Amino acid sequence: MGNRECLPRNGRIRAEAALRESYAQYRLLYENIRDAFCRVDMEGHILQCNQAYCAMLGYSSEEISHLTYLDVTPEAWHAMETEIVAKQ
């Protein structure tokens with residue numbers, strides 16, 4: 001029975017290690033990508049952005065954290081963005 005008890009724990013340990021590795025790869029890509037990238041919620045609040053996004057807009061990440069996507073996009077795009085969100 002002792003060997004059977006170890007299998008679920010070993011599987012969990014391997015899964016947690018794989019998750020840590022996957023997250024590390026994501027962070028490396030996210031922090032080094034040259035393209036501007038941001039993640040927003042359905043209300044348009046900017047949840048996360050990379051340095052390229054900050055540089056493109058000329059704001060610090062702290063300043064961006066208080067803005068919404070609509071604050072940083074041209075007004076001509078607002079109707080289209082609102083329609084896209086409504087369809088989600």
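These legends accompany several close-up views of a single predicted chain. Because the model is predicted, local features need pLDDT of at least 70 and side-chain atom pairs count only at pLDDT 80 or more, while totals for chains, interfaces and linings use all residues. Residues are numbered from 1 along each chain as its sequence is written, and side-chain values use heavy atoms, with hydrogens and water left out.

**View 1. The whole chain, for orientation.**
Let us start with the overall layout: four helices and two strands make up the secondary structure of the chain, in the order α-β-β-α-α-α along the sequence. The radius of gyration is 20 Å, well over the 12 Å that the globule rule gives for 88 residues, so the chain is more spread out than a compact globule. Here the radius is taken over C-alpha atoms, and the rule is 2.2 Å times the number of residues to the power 0.38. Helices (H or I, at least four residues) and strands (E, at least two) are DSSP runs, numbered from the N terminus. Along the principal axes, the C-alpha atoms fill a box of roughly 65 × 30 × 20 Å. Of the 88 residues, 16% count as buried (buried means under 20% relative accessible area, exposed over 50%, and partly exposed in between, with a 1.4 Å probe and protein chains only). Among contacts (heavy atoms within 4.5 Å) between residues at least 6 apart in sequence, 11% join residues at least 24 apart.

**View 2. The largest nonpolar core and Tyr-53.**
Seven residues form this core: Ile-46, Cys-49, Tyr-53, Cys-54, Ile-64, Leu-67 and Val-72. Strand β2 (46-49) and helix α2 (51-57) are the elements that give two or more residues to the core. A nonpolar core is a set of buried Ala, Val, Leu, Ile, Met, Phe, Trp, Tyr and Cys residues joined through side-chain atoms within 4.5 Å. With neighbours within four places in sequence left aside, Tyr-53 touches Ala-36, Phe-37, Cys-38, Ile-46, Ile-64, Tyr-69 and Val-72.

**View 3. Cys-38 and Gln-48 on the two strands.**
Cys-38 belongs to strand β1 and Gln-48 to strand β2. Their C-alpha atoms are separated by 5.5 Å, although the two residues are 10 apart along the chain. Gln-48 is buried, with a relative accessible area of 18%. Beyond four places in sequence, the contacts of Gln-48 are Tyr-26, Arg-27, Tyr-30, Phe-37, Cys-38 and Arg-39. For Cys-38, the corresponding list is Ile-46, Gln-48, Cys-49, Tyr-53 and Tyr-69.

Look for Ala-36 in the loop between α1 (2-32) and β1 (38-40). Ala-36 is partly exposed, with a relative accessible area of 35%. Leaving out neighbours within four places in sequence, Ala-36 meets Asn-50, Ala-52, Tyr-53 and Met-56. A C-alpha separation of 6.5 Å divides Ala-36 from Asn-50, 14 residues apart along the chain. Ser-61 sits in helix α3 (residues 61-64) and is partly exposed at 47% relative accessible area.

The largest pocket has a volume of about 250 Å³. Of its 13 lining residues, the closest to the centre are Met-42, Gly-44, Tyr-69, Glu-81 and Val-85. On a 1 Å grid over the protein atoms alone, a pocket is an open set of points where a 1.4 Å probe fits, with protein on both sides within 12 Å along at least five of seven lines; lining residues have an atom within 4 Å of a point. Grid points are joined across faces, edges and corners, and the volume is the space filled by probe spheres set on them. Helix α4 (residues 75-87) gives the largest share of the lining, four residues. Glu-83 is also placed in helix α4, where Glu-83 is partly exposed with a relative accessible area of 46%. The C-alpha atoms of Glu-83 and Met-56 are 25 Å apart.
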